[in-house]
Amino acid sequence: MKVVFAAIILAGALVVAFGSPVANEQPVRDFYYDAPDRILPMSFAHQDHVPVNCVDCHHNYVDDTGGGLCMNCHVTDQSVWPLFEQQFHDLCRTCHEEKAALGEDGGPPRQCMACHLGDDLP
Amino acid sequence: MKALIATFLAVFLITFLAAPAMGGGWYWDAGNALGFAAFAGLLYLTITSSRRLDVRAHQVLGYGVLFVTTAHIFWFMLGDAAVIEFMKFGAPDYMWHGIVSFLLLGVLITVALVPDRFRVHSDYPAFKYWHRLLAIFTIGTATYHIVASHFYLGTWYQGALFALLAIAVAFGRPWWIRLGQLRLAHIGAYLAVSAAFAAAFTAIRNLP
């Protein structure tokens with residue numbers, strides 16, 4: 001049993017180190033948006049979110065907390081950068097969950113890869 | 001068998017108390033269902049442990065729980081490449097708790113086997129004490145992994161109920177030992193029940 005357990009841990013460590021041998025696409029962490037640390041790429045298509053009120057995400061239009069792209073503040077402002085992952089997960093996931101719970105056409109919460117492959121969508 | 005089904009029902013029903021039809025797609029839901037089945041197996045192993053325990057059946061069922069836990073982990077690691085990124089330094093604490101829980105489960109099983117048990121523990125009471133303590137930590141870290149992730153337990157009362165269930169199993173030994181020695185389910189039955197609950201969980205959340 002020790003050997004089996006050690007083999008499982010070794011296999012897991014190899015997958016973490018070198019990636020999944022069966023998954024088609026692998027996300028690559030990098031310094032996207034001039035982030036101070038390597039982060040995962042993110043997919044977000046405005047064209048898929050047209051029914052959503054802009055200020056639901058672009059809070060700066062109503063609370064005057066900055067301008068420009070989301071990432072201008074969220075990766076460069078040291079007061080919010082530590083919360084980057086949590087804030088974006090909460091924002092995206094909560095919205096999708098709420099819409100799904102209400103039976104609205106919002107798309108369900110989804111597996112990680114559905115959001116963490118970079119894209120050039122507008 | 002009744003206790004096995006009841007344990008699975010308790011674990012899975014809590015996830016359906018709010019937004020029962022909400023899912024993240026069949027792949028994600030099936031992988032998480034395996035995790036819930038592994039957790040239910042862990043609770044069942046604890047509930048059925050008493051003085052007249054069938055040690056061999058307990059041991060074999062432990063292998064079953066380790067197998068389902070391993071399936072839960074590799075399902076995501078192999079199929080959703082982004083999950084790997086959440087198993088590295090900087091990952092959310094609930095992911096680390098999941099990893100620690102899996103390692104504790106492995107240690108719980110391997111150290112309980114002879115001859116390693118004799119190497120680690122001087123006598124049987126010492127082994128029982130540490131085995132139980134390790135099981136409580138395994139349940140605790142697994143519970144945190146599940147509850148803090150908020151997947152399928154999005155409301156405060158679902159999280160509280162799930163935590164209460166884990167606490168009742170981990171610390172309620174004086175109470176549930178009064179149930180007498182429950183006959184342990186066969187590993188085949190545990191795997192079949194796991195597959196059935198995982199299939200139902202996935203279907204409910206994905207079928208139109």
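Helices (H or I, at least four residues) and strands (E, at least two) are DSSP runs, numbered from the N terminus.

1. Basis of the note. This is a predicted model, in which local features need pLDDT of at least 70 and side-chain atom pairs count only at pLDDT 80 or more, while totals for chains, interfaces and linings use all residues. Residues are numbered from 1 along each chain as its sequence is written, chains are lettered from A in the order in which they are written, and side-chain values use heavy atoms, with hydrogens and water left out.

2. Confidence. The predictor's confidence in each residue, pLDDT, runs from 0 to 100. Chain A has a mean pLDDT of 80, with 93% of its residues at 70 or more.

3. Pair within helix H6 of chain B. A salt bridge (a side-chain nitrogen of Lys or Arg within 4 Å of a carboxyl oxygen of Asp or Glu) joins the side chains of Arg119(B) and Asp116(B) at 2.4 Å, N to O. Both residues lie in helix H6 of chain B, three residues apart, about one turn of the helix. Relative accessible area is classed as buried under 20%, exposed over 50% and partly exposed in between (1.4 Å probe, protein chains only). Arg119(B) is exposed at 61%, whereas Asp116(B) is buried at 15%. Lys2(A) is linked with Asp116(B) and Arg119(B) in a network of salt bridges.

4. Contact between the chains. With contact meaning heavy atoms within 4.5 Å, 37 residues of chain B and 32 residues of chain A take part. The two chains bury about 2700 Å² between them, 73% of it on carbon and sulfur atoms; buried area is the accessible area (1.4 Å probe) that two parts lose on being put together, summed over both.

5. Salt bridges in the whole structure. Between chain B and chain A there are two salt bridges. In one salt bridge, Arg29(A) meets Glu85(B) at 2.7 Å, N to O. A search of the whole structure finds five salt bridges over all chains. Arg29(A) lies in the loop between H1 and H2 of chain A and Glu85(B) in the loop between H4 and H5 of chain B, so the pair joins two chains. Arg29(A) is partly exposed at 24%, while Glu85(B) is buried at 8%.

6. A pair within chain A. The side chains of Arg38(A) and Asp30(A) meet in a salt bridge at 3.6 Å, N to O. Arg38(A) is partly exposed at 43%, and Asp30(A) is partly exposed at 32%.
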